Number of protein chains: 2
Amino acid sequence: MKKIAVLAGDGIGPEVMEQALKVLVAVQKKFGFELSFQHADVGGAAIDSHGVALPESTLTLCAESDAILFGSVGGPKWEHLPPAEQPERAALLPLRKHFDLFCNYRPARVFKSLTAACPLRADIIGDGFDILCVRELTSGIYFGTPKGREGAGEDEYAYDTMGYKRSEVRRIAHMAFAAARQRSGKVTSVDKANVLTTMVLWREVVLEVAKEYPDVKLNHIYVDNATMQLVRDPHQFDVMLCGNMFGDIISDEAAMLTGSMGLLASASLNTENFGLFEPAGGSAPDIAGQGIANPIAEILSAAMMLRYSLGYGEAADAIEAAVEKTLDRGICTADIAVDRSQAVNTAEMGDAIVAAL
Amino acid sequence: MKKIAVLAGDGIGPEVMEQALKVLVAVQKKFGFELSFQHADVGGAAIDSHGVALPESTLTLCAESDAILFGSVGGPKWEHLPPAEQPERAALLPLRKHFDLFCNYRPARVFKSLTAACPLRADIIGDGFDILCVRELTSGIYFGTPKGREGAGEDEYAYDTMGYKRSEVRRIAHMAFAAARQRSGKVTSVDKANVLTTMVLWREVVLEVAKEYPDVKLNHIYVDNATMQLVRDPHQFDVMLCGNMFGDIISDEAAMLTGSMGLLASASLNTENFGLFEPAGGSAPDIAGQGIANPIAEILSAAMMLRYSLGYGEAADAIEAAVEKTLDRGICTADIAVDRSQAVNTAEMGDAIVAAL
Ligand SMILES: [Mg+2]
Ligand SMILES: [Mg+2]
């Protein structure tokens with residue numbers, strides 16, 4: 001029996017989480033495995049109940065679990081707090097750090113029935129595309145040292161350091177190649193090896209790791225060209241392997257190109273495949289409590305959890321297929337409905353996906 | 001009388017340059033100013049004639065001129081040379097360095113008659129968009145020190161330094177605000193001030209400079225969000241102000257979004273408004289010598305030269321209007337023609353634009 005730490009959080013978090021658990025319960029029966037769900041407070045809810053966004057008890061529960069299924073945190077109620085105490089920063093960053101969640105998977109997939117929402121021309125989109133952005137999450141220029149400011153007046157100089165260790169590049173590259181094996185077998189490494197020394201090392205290590213995956217195709221692309229090629233023809237990509245900053249940029253562009261940002265899941269993993277799974281979107285306080293939020297991103301995050309942390313790849317496939325089938329049948333929540341008067345609510349969407357399993 | 005150093009270079013360079021000069025001759029009559037054109041070798045042509053991509057005589061001519069009108073350099077003939085001696089690196093980088101051309105203007109404009117070529121959905125494009133990317137070109141992470149590699153084995157560490165001095169941010173910000181004044185009066189500064197110390201200084205200085213331009217509207221956007229917003233709605237941007245690396249990324253994405261990369265001009269300027277003006281595309285050796293290349297990017301580069309280096313803004317406007325009128329009349333070279341059998345050649349396009357003046 002696998003233990004899941006369920007951190008529903010704030011805003012629409014609890015509503016969409018309820019549907020994800022419903023789907024997990026249905027799928028575990030079908031595939032003959034058992035999950036135990038342990039709930040704990042996080043984010044604003046935890047600030048209200050425990051005084052901090054990530055209580056010790058929540059962290060302990062996570063450490064005793066096989067994976068963390070996360071909802072969303074934050075909302076206007078906690079915006080007056082100092083930045084370091086706000087739900088997003090005080091809950092997610094410590095979780096990433098504590099469990100060394102260095103690997104961020106961000107799928108950007110356009111479902112066939114939703115291609116009309118895509119900002120690209122119909123002949124470019126075709127039947128939709130399916131990209132997995134693999135972003136290194138704990139190193140690179142956002143964390144590099146030294147950084148600071150020195151000097152005064154017009155000569156004042158501010159600086160940051162981009163840096164990677166060979167071992168850091170190696171472990172994220174392995175995550176990309178391993179993911180590609182479960183997909184279309186292609187890795188595109190995004191770098192800027194023509195000008196950045198860090199990226200020369202990056203490319204060297206990626207080439208080394210590639211030798212261990214002779215069945216996976218590898219190519220390299222400069223980050224500026226990558227932003228162009230995503231627009232010109234997103235179908236050319238399967239797995240995009242990126243450092244922290246380039247992954248931040250590329251995964252967001254790819255997400256926007258799907259046209260359905262509310263449907264996107266994400267996973268943050270460590271070397272033991274322990275991970276935190278959460279919708280890429282936010283807590284949407286404006287529609288919280290109304291029962292109309294789209295639960296698909298949370299449900300797809302649960303599928304990623306099955307695939308990447310728990311080793312239940314078939315069950316994950318089944319959930320994704322059920323989501324696709326449901327959308328193909330024209331069942332949509334308000335955020336993606338062409339005719340909003342026909343939209344289903346959060347629970348109805350969850351039920352429809354369970355029925356499609 | 002203003003002196004123009006004409007460096008046509010290799011590939012299609014000389015062919016498209018001929019048309020740009022034709023247009024300049026026509027416009028100077030109309031607006032009552034006089035230009036003198038001095039030709040010199042550059043790139044592969046200069047390697048063949050002088051043994052180096054940037055001969056001393058060419059550099060001297062440039063120094064004695066009011067602006068440099070550049071064609072394009074490079075081609076298969078010189079690809080066997082060591083990278084540092086190849087036409088692109090050995091001609092353009094020293095020119096930028098010698099004249100301190102720190103400011104790169106890259107317009108990304110969709111002409112109304114060419115919106116169908118744009119990769120975005122028709123309802124997003126509308127009648128086209130018009131963005132000017134202002135990129136700092138001589139500092140930032142591509143040139144920052146220290147950079148290098150240290151350690152060995154799995155601990156080997158490679159690093160680069162992103163850095164800006166207050167004075168460097170100030171001068172590029174001024175270029176952005178000045179350009180915005182001649183356009184729609186809006187600057188969007190692209191940064192990552194939420195995580196990078198360099199970008200905190202960047203934003204501070206941009207805010208300071210903005211006070212000197214109360215007529216220009218300023219807003220700030222994170223680079224990852226910028227790549228998304230460009231796709232979602234490019235019309236929201238007028239001037240995008242970027243550091244070197246972010247400008248590299250953003251200007252390329254914006255260029256691709258126009259769908260007509262062959263039409264894009266560029267300018268690299270110093271604090272005295274001395275500059276080098278060139279098409280954003282390359283030397284296209286595959287079609288060189290056939291007289292079918294599209295001269296519009298070179299002609300629009302000549303217009304930028306009139307506007308930004310020579311102070312003939314009205315003449316620049318006239319050229320841009322003539323290009324638009326020509327395209328509206330359905331006159332297209334093969335690269336942008338819907339029906340290639342109706343395409344005009346390089347000289348015919350030049351003549352049509354002169355006629356439209
Ligand atoms: Mg981002
Ligand atoms: Mg570029």
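This is a predicted model: local features need pLDDT of at least 70, side-chain atom pairs count only at pLDDT 80 or more; totals for chains, interfaces and linings use all residues.
A crossing of two helices is called left-handed if the near helix is turned anticlockwise from the far one by less than a right angle, and right-handed if clockwise. Residues are numbered from 1 along each chain as its sequence is written, chains are lettered from A and ligands numbered from 1 in the order in which they are written, and side-chain values use heavy atoms, without hydrogens and water.

Let's start with H1(A), which passes H10(A) in a right-handed crossing. Helix H1 (residues 13–31) and helix H10 (residues 296–309) of chain A pack at about 45°, with axes 8 Å apart. That angle makes H1(A) oblique to H10(A), oblique being whatever is left after under 35 degrees (roughly parallel), over 145 (roughly antiparallel) and 65 to 115 (roughly perpendicular).

Now to the metal. The magnesium ion (ligand 1) is coordinated by A:Asp248, A:Asp252 and B:Asp224, each through OD, at 2.0 to 2.2 Å; donors are N, O and S atoms within 2.8 Å of the metal (3.2 Å for Na, K and Ca), and sites may look incomplete because water is not among the atoms. A:Asp248 and A:Asp252 are separated by about one helical turn because they sit four residues apart in helix H9 (residues 244–258) of chain A.

Finally, the two chains: a rotation of 180° with 0.0 Å of shift along its axis superposes chain B on chain A, RMSD 0.0 Å. The copies are therefore related as by a two-fold rotation axis.

How values were computed:
Helices (H or I, at least four residues) and strands (E, at least two) are DSSP runs, numbered from the N terminus. Copies are superposed by least squares on the C-alpha atoms of residues with pLDDT of at least 70 in both. Axes are lines fitted to C-alpha atoms, for helices over the stretch in contact, and angles run from 0 to 180 degrees between N-to-C directions.
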